[in-house]
Amino acid sequence: MNDEESNGLLNRPVKVINIGLKGFSEELDRQGVDVTQMDWSPPAGGNLKFADLLSRLHASMAVGIDQANAEALRRMLAADPVLVDVIPASEAIPGLRDKMILHAGPPIDWDRMCGPMRGAVTGIAVFEGWAADLDSAATMAANGAFEFHPNHKFDAVGPMTGMTTVGQPLMVVENRTTGNRSYCTINEGLGKVMRFGGNDDEVLQRLRWLRDNFGPALGRALRHGEGVPLKALVARGLTMGDEMHQRNVACSSLTLRALAPALAETATDNAALAKALAFIGGNDQFFLNIAMAMGKAIMDPVRDIESSSVVTAMSRNGTDFGIRVSGTGDRWFTAPVEMPEGMYFPGYSEADANPDMGDSTIVETIGLGGFAMGASPAVAGFVGAGTASEAGKITRTMSQITVGENPEWTIPSMDYLGTATGIDVRLVVETGLAPLINTGIAHKEPGIGQVGAGVVRAPIACFEEALEALAESVGVA
Amino acid sequence: MSDFVINDVRKGFYLDSVALMRMSRLVAGMADVTEAAMMMGTPANLAIMSDAGLLAEAGAAAGGGDLIIGVRATTNEAAEAALAEANAQLQQPTAGGGENHAWQPRTLQTALKTMPDANLALISVPGDFAVAEARKAIRLGLNAMIFSDNVSVAEELQLKLEARELGRLVMGPDCGTSIIGGIPLAFANVVPRGEIGIVGASGTGIQEISCLIGQYGGGISHAIGVGGRDLNSEVGGISTLMALQALEADAMTSRIVLVSKPPPKHVAEKVLKHLAASKKPTIVCFIGADQMTMPANTTQVFSLKAAARAALNMAADDRVEPSAPIKASADRPNIRGLFSGGTLCAEAQIVLHSSALAVQSNAPVPGVTRAGETCSSHLMLDLGDDQYTRGKPHPMIEPTVRDDAIAAALADDKVGVILIDVVIGYGAHADPAGHLVEFLQKHRRANGPEIIASVTGTDGDPQNRSAQVRKLMSAAVHVAPTNADAAHWALSAIQP
């Protein structure tokens, strides 16, 4: 008898997935039958409309979706991101003009910007010489003197406020499989920095040094060699306890190790070299911006796969949280951003916190950050996501909303489980498991900077909206 | 004086209804508490709670993924205390907590990653969600057994049509019993493996036949439940035909038993036409049906017992008589049947009806009158019927739900015989005979009705059939070897 005739049931040992009453699986277990008990709860939180939509979008009717998602995952896993250069933004992004400000998150205008974002906008306007001081910059912004666009619109990403303007140096990550390039500014270090809305002289002075000294030096060093291949570097970083969002100490060190010889070789001045090495060595988050450009370079080739329900970007501007989905192209699905929950630096509390912000969630979009929490038990404690021993559970939980696992990015303490890769909007809505994001917390007033770190959930509403749009695009309404 | 009704809503807190009902009962039993229920806020449950006078404003606003606690009490203090107890119950970790904290998959896809060679999804989630889960299961290549009820016929048909196209078997909805490869699923018994295959649209029908086959020395290859409505005109026997095909192709199976209520004529014809082409002898038991013209190689039988005997090529009848004659007192002329198994109730009706007794039932077989509000004759009640189980556990899981009916029968001075089934096995209550005996010891009075029972089960079952029989006999309950025999004993007990 073949499987066809017996439905694969009568001629094979019974192996059961039990959906519902635990008693049934306990009884089967007692009889020595292989049984997997599901942690079931009503799909889509009991919302029958979405439950019904999901079931119709599932499998056979949605073979198109599954195939499209498999292709999305294939492209993500095939990506070969390499840090290749640092170049002026004007050169990297031809469309970038004077008085144009790229920011983190989905589109937003001055009127709706949160405090730190406004602080960064005024600061960067002074840095670029568009305004004499912060006050006049604010007046100009309010009068529409600046053109605002999301970084994502110009192949770029930026952390927290994510200011990208024509006069800044940008790191370049090239996806050698597909040839596309992505850009991100250089991480400024901790403390008072523009990404958290800092805008005083100290902040602007550092930006000038990055533009005039460090950026060009880093660019020379990268052009001197073959660039820094990032896939293997990240794989090693994961085994060393980084998750690439809240913790980048291992990858930052590995990057420094890879760059130091070329930096020395191309240096013209020992003091400048020493300062550059000290800057990288003293910044545990140096790699974050590289990881972000890498994430963008991996995800961009995944945009516009017809019918795919894979998320290609998650991003927030401090007011809205937005996602983009492969099958619905460059459309943003937004919902009010949530407040992070976490740990605060002494002297600060959640009363000081700004809502979640930044393009850095591109890191979760490729399966790192909160999705790789299992690799980084220390972070779980630091961001208040639970005990170290629960870190693995977070990764396992996130693997339930992804299309697959990354066989090259694995977590040793979880028996080399691959990081959860390719967020599927269907699975997010179905399970109600919102992507978990590790994040820094900015002060809500402009100019103060980071006050803590924590975790935040992507709002489910974005995914519901995206699901409806996707259903419409595949003709299931 | 009006009652105090209060609600508490736990957002996004899911627990299965069996666990909730157990807790509800505990809370409802508290002092001065009139009524209590803990339910997920599905539209159907909201209606039930509203009818029960348990719905306040908070509960009425709850969604399907929210848990509503509703209590009605004679004092506000009692209501608050009940609410606190309900919340405390919810906080209590379940037994064997250590294991339950282990990670469990949230989606079927993830479950399949952890068990790639799974071949069956056993689904017992609320009916509103069961079809969606089953649809996912069959599309992912699994067969599905749907224990859940409250699924519309239209959805059942759609699901089964798709399953047929995908070559996957859907057992249910409302499928209580299957035995696949010797493994009892949901409500089923530990029977020896053998060469008889069973296809059944009736859970207790499968249980009684498979247990009797075991009792007579035979064994079961597979018993496939298809759900109570599979042979209705709407569904047209889709799963029944697929199950028959699977057994016809199965090397271990040499004979097949098909058990169901009588299907509509055109469905019966379709099934018989299929059987006419089958190479394996088939015994057809459409319980309550008239004599039909059967194709060659196919035998029609009229009781569960006869089905088991025919499957083993045994003589049709071996009426077993009680060790001592049972006589009901002459002024108590009626038989009252109180069944937990629907098909066992049907079989008893057939025995009584075929002796020309005026029988009534809430679930009548053809020829039997539907019971009205009052009943002066022989009344056969299926206490597992929807009308008794809405918002309550099934009497096989929770024998206490039969207590009121037994008390009423004991108090009825026209009832001479109480006929009762005790169904054991996996899924069933841990000690139904024990409960029955305890109840009878409290409520039975001298010169009351005789009590005749049968035990559907085997000695391999966790409850052990022999032990259950001994308990019943120790409490002066007459125990017949089969349900059909029990009905015959009842019949002779009231005959002058």
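A: What follows looks at one pair of helices in chain B and then turns to the cysteines. The model is a predicted one, and the description below should be read with that in mind.

The pair consists of helix H10 of chain B, which covers residues 238–249, and helix H11 of chain B, which covers residues 265–276; their axes lie 11 Å apart and meet at an angle of about 15 degrees. Since angles under 35 degrees count as roughly parallel, H10(B) and H11(B) are therefore roughly parallel to each other. The crossing of these two helices, H10(B) and H11(B), is right-handed. On the side of H10(B), the contact is made by Leu241(B), Leu244(B), Gln245(B) and Glu248(B), while H11(B) contributes Lys270(B), Val271(B), His274(B) and Leu275(B).

As for the cysteines, the structure holds zero disulfides over all chains. Cys114(A), for instance, is in no disulfide, and the nearest cysteine sulfur, which belongs to Cys462(A), is 16 Å away. Because buried means under 20% relative accessible area, Cys114(A), at 10% relative accessibility, counts as buried. Cys184(A) is likewise in no disulfide, the nearest cysteine sulfur being that of Cys251(A), 15 Å away; with a relative accessible area of 0%, Cys184(A) is buried.

How values were computed
Residues numbered from 1 in each chain as written. Chains lettered and ligands numbered in written order. Predicted model: local features only at pLDDT ≥ 70, side-chain atom pairs only at ≥ 80, totals over all residues. Heavy atoms only, no water. Axes fitted to C-alpha atoms, helices over the stretch in contact; angles between N-to-C directions. Helix = DSSP H or I, 4+ residues; strand = E, 2+ residues; numbered from the N terminus. Parallel < 35°, antiparallel > 145°, perpendicular 65-115°, else oblique. Left-handed = near helix turned anticlockwise from the far one by under 90°. Contact = heavy atoms within 4.5 Å. Disulfide = S-S within 2.5 Å. Buried < 20%, exposed > 50% of the residue type's maximum accessible area, 1.4 Å probe, protein only.
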